[in-house]
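Please read the points below beside the sequence and the model; they concern charged pairs and one further residue.

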Amino acid sequence: MTSQQTTANQEEITAGQERFNELIEADSRVEPTDWMPAAYRKTLTRQISQHAHSEIIGMQPEANWITRAPSLKRKAILMAKVQDEAGHGLYLYSAAETLGTPRDELVQQLLDGRAKYSSIFNYPARTWADIGAIGWLVDGAAICNQVPLCRASYAPYGRAMVRICKEESFHQRQGWEILYELSHGTPAQKQMAQEAINRFYGPALQMFGPPDDDSPNSQQSMEWNIKRFSNDELRQRFVDMIVPQAEALGLTFEDPDLKWNEERGHYDFGELDWEEFKSVIKGNGPCNEQRLQRRNQAHDEGAWVREAAAAFAEKYHHNDTALVA
């Protein structure tokens, strides 16, 4: 490369950086065709693909209960919810692809165990009440975390999140109704609901990520307007939201430090088990191995579908080309 070409490239990068800075400062949107810093692209690829992986892996604990749901109505609702999660994964993989990494490569990272996904999905759904807890607490935490992402600076991500958040609201409502029926049923049913939220309370709060002082990516994501609130801010919002909801259910959280702080205007809550969180992230959770094993199995068994779809697309692409010629 000549010095003249190097100078021209540098000028292009400088102009691109200035334009990118203007978009961020104006709280505007970055489109796939816009220049963006390599670190911004890398951060988004990691975040969006991990989000997609979480949607796909998150289908497993609920899909296991479709045949065991207590009524035909509950089966139909749960099937619709699992189908929604698959769609969310597809939206997000499409958004991630616009950053330059092919979907096949992103999926392979998950299958190989090189990519992360939300730690919450490495816990088992032991009872029907757990499906309610997943809907109310896990999808509720997702909504709290994801609604601000509708305003993410990267346009394809923000657009995908609009539809996803609408559907997540249905998912949370489904979980709430399951727990409401159980908590207002027999004493045994209420106990089952209580045990379910005991299991999922801590892991649900950990979904927002580690504390701010231990989160290396959070501050930069906020400066780029990808995130709008810190992990701890979102976690506090969520706790403030679910405490009165639990009271309406007639259930309690197994947290002796959970109480209203008049001075702060928020609920105080206990320290979470961050060592467990880190262990699950590293692959040592109750279901990590099973989740990846089943995802690989489903991927292998679905190979013929992908091959058929590719052949169909190639056939009609060939026919369209022939017509144009």
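**Notes on the salt bridges**

1. The structure holds 14 salt bridges, a salt bridge being a side-chain nitrogen of Lys or Arg within 4 Å of a carboxyl oxygen of Asp or Glu. This is a predicted model, in which local features need pLDDT of at least 70 and side-chain atom pairs count only at pLDDT 80 or more, while totals for chains, interfaces and linings use all residues. Residues are numbered from 1 along each chain as its sequence is written, and side-chain values use heavy atoms, with hydrogens and water left out.

2. E62 and K81 form a salt bridge whose closest N and O atoms are 2.3 Å apart. The pair links distant parts of the chain, with E62 in helix α3 (residues 59-63) and K81 in helix α4 (residues 72-97), 19 residues apart; helices are DSSP runs of H or I, at least four residues, numbered from the N terminus. Both E62 and K81 are buried, where buried means under 20% relative accessible area, exposed over 50% and partly exposed in between, with a 1.4 Å probe and protein chains only. E62, K81 and D139 are linked in a network of salt bridges.

3. R74 and E181 also meet through their side chains in a salt bridge, at 3.2 Å from N to O. This pair joins distant parts of the chain, R74 lying in helix α4 and E181 in helix α7 (residues 155-183), 107 residues apart. R74 is buried at 7% relative accessible area, whereas E181 counts as exposed at 51%.

4. N288 is found in helix α12 (residues 288-301), and N288 is buried, with a relative accessible area of 8%.

Technical notes
Helix = DSSP H or I, 4+ residues; strand = E, 2+ residues; numbered from the N terminus.
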